[in-house]
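Hello,

Here is the structure I promised to pass on. Please open it first, then read my notes below.

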Amino acid sequence: MTFVVPIGPQHPALKEPEFFRFEVKGEEIVDVDIHLGYAHRGIEEALSRRNYKHNIYLSERICGICNVVHTTTYCQAVEQLAGVEPPERAKYIRAIIMELERIHSHLLWLGIAAHQIGFNTLFMLAWRDREYVMDLREMISGGRVHSATNTIGGVRRDVKTEHVPTILHGLEKLEQSTKYYINLFGSDRTILARCTNLGVLSKKDAIKFCAVGPLARASDVKTDIRRDDPYGAYDALSFNVVIEREGDVWAKGMVRLREILESIRIVRQALKEMPGGPIRTRVSLQIPPNETVERTEAPRGELFYYIRSNGTDTPERVRVRTPTYGNFASMKSMFVGGTVAEIPIVMWSIDPCFGCNDRVTLVDSRTDKTRVVSFDELRRWRK
Amino acid sequence: MDSHEVAALIKKHVNDIRIVNDRCLFATSDKQRCGDVLLTLKGRGVTHISTITGVDRGDVVEVIYHFDCRPAQLNLKIPLPKDDLRILTITDFFPGAILYERDLMEMLGVKVEGHPDPRKLFLPDDWPEGEYPLRKEWREKSK
C-alpha cells in the first residue's frame, strides 16, 4: 500500500512556495510529482509590456539571490541586439559582482543545508561569514542584495581604488573559512552520515535530464557556461571547473564549497587585471527587429534568456529559463528509492529557488484520513 | 561543434540558417523534417536542450528549440500556423524537454502530440480552456 505525502505549497525556510506530491511505501519514496506555479508572476509577459530600461529592474526581481546574474544576462542580450559592446572595465566589474554573488549564494546554501541536517552551529558560522561578502557587495554597489549595478551598455558604479584593499582583506577571511568548511565537509561524522549516498543523481541521468550547474557538476558532468560559452570578461579569466563524481548530497555540497575558492580566485584576478577607462556606453534603445539568445552561469547553473526586438523601445518577447527550472526534470531520479526523512536535505541539495512547505499532510489513501505534521517533525524522524 | 559544423550537419533538413557567430546560430525547419534534425543531432552526441521558447508571431506560433551543441547554441525554429498548432513531442530524443513542452502547451496552446504527461505546469488546474496567456489575443484582451 502506498501513501501520498503532499509537501507544500508553503514553507518559511525556502524563499518561494512550491508543491510536491510524494508517493511513499512505508518509509520509501516510490514516486514524486511537482506542481509549479505558486510563485508564477507572469514576468515573461510583463517583460514584453515594459521598455528595455524598465525591464532591467524587472529582471533583477526575478530572483533575489541571483539578481546580478539576471540583469547581466538581460543587459548582455540587449547589448547584442543593439550591436554595442560594453567597455572592458564594465565587463570586469560585472564579473566581480557576479562572483561575489556566487560566494554569497553558496554560503547561504551551506547554512541552510547544515540546518536541514540538524547542524545548527555550522548554519550560524556559514551565515556569519556570508556577512563579509554582503558587506563587500554593499560597498561596491550600494546594496546588500539588490545591487542595481547593471545597465544596458555597462555598469552604473565603478569599483573605486580605495575599495580594493578592503575587498582583498574580505576575500582572505572568506578563503580561510571556506578552507575550514571544505575540511569539515570531508571529515565531520554528522555531515558524512547525513549526506553521503543520499539523493544520488547518476551521470547518465544528469545528462539525460539536462541537469545544469553544480547539480550536474556533482555528477561528473563537466559543464560550466563561463568556460563553454564565455561571456563578458570570463574569456580572459582563468579558473577551474569543479567536478565531483559521486552525485550525492555530499558531492553537491563539495562542488559548491570548492567553487567558492574558484570565485575568490576570479575576483582577485579581475581586481588585478581590470583595465581603466569608462564603465558605460550610451545605447539607443530603439532597437531594430532582431533576436538573440544569451546564456550565463548563475550560482545554480545555466541561466538562459531569449529576446526578440521589433523596432520599438519594448521587446516583442522575452523568454527566461532559470537554472532551477532546468533541474526539475532530474528530481525524480534523486528522490525515488530514498526515504521520507531524506526529503528536506535532498530537496535542498538542488539549491532550489522556490518555496517548499510549512507542513506536511499525510493522506492514508485507504481510509482517506489526513494527518498534518510540521516540517520540524519531519526533520526529527531521521533521529 | 561550432556553428559552422552544426550548420553543415543539419543543412539538408532546414530551410535557412543564420550564423550569428562561432557559438550561436539560428535555423528554420518545418515539423515534417524536425525529427530528422533531432536524429542527426542525437547521432552526433548532442544531449542538452536548454529550453523551448514559443513566440506568437501573429498568424504563426514559432516554436524554438535551443540545443547546446557544445559550444555552439543551435536555435531551431519550427513555425506552426495558428489553425494547426500541433507538433510531435521530442521527449523520446530529449527527455529533459518534458517540462518545457508542458509550458509550451499551456502558455501558447500548442498541442504536443505524444507527450507522456500533458498536464498543466504553472497555471492552476481550473484555468479556463482555450485561454493562452502568451498569445497576442490574450494580451489585447487583458489590456
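The notes below cover the contact between the chains, then a set of strands, then a helix.

This is a predicted model: local features need pLDDT of at least 70, side-chain atom pairs count only at pLDDT 80 or more, and totals for chains, interfaces and linings use all residues. Residues are numbered from 1 along each chain as its sequence is written, and chains are lettered from A and ligands numbered from 1 in the order in which they are written.

**Where the chains meet**

The contact draws 24 residues from chain A and 25 residues from chain B. Two residues are in contact if their C-beta atoms, placed from the backbone, lie within 7 Å. On the side of chain A that touches chain B, at least two residues each come from H1 (43-47), H8 (203-208), S6 (290-298), S7 (301-309) and S8 (315-321) of chain A. Here H marks a helix (DSSP H or I, at least four residues) and S a strand (DSSP E, at least two), numbered from the N terminus. S7(A) gives the most, with 4 residues. By class, this side of chain A has 10 nonpolar, 3 polar and 11 charged residues. Nonpolar means Ala, Val, Leu, Ile, Met, Phe, Trp, Tyr, Cys and Pro; charged means Asp, Glu, Lys and Arg; the others, Gly among them, are polar.

**Strand S4 of chain B**

Buried means 20 or more other C-beta atoms within 10 Å of a residue's own, exposed 12 or fewer, and partly exposed in between, with C-beta atoms placed from the backbone.

S4(B) pairs antiparallel with S3(B), residues 48-56, over 8 bridges. Pairing needs at least two DSSP bridges. B:Val55 has B:Glu62 of S4(B) as its bridge partner. The hairpin of S3(B) and S4(B) has 3 residues between the strands, and B:Gly58 takes a positive phi near 95 degrees there.

S4(B) also runs antiparallel to S5(B), residues 73-81, joined by 9 bridges. B:Asp68 stands opposite B:Gln73 in S5(B). Their hairpin has 4 residues between the strands, with B:Arg70 at a positive phi near 45 degrees.

**Helix H5 of chain A**

Which residues sit on the face of H5(A) turned away from its buried side? They are the exposed A:Asn120, A:Thr121 and A:Arg128. The cover over the buried residues of H5(A) includes H4 (88-116) and H6 (164-187) of chain A. Just after H5(A), A:Gly142 takes a positive phi of about 95 degrees.

Best wishes
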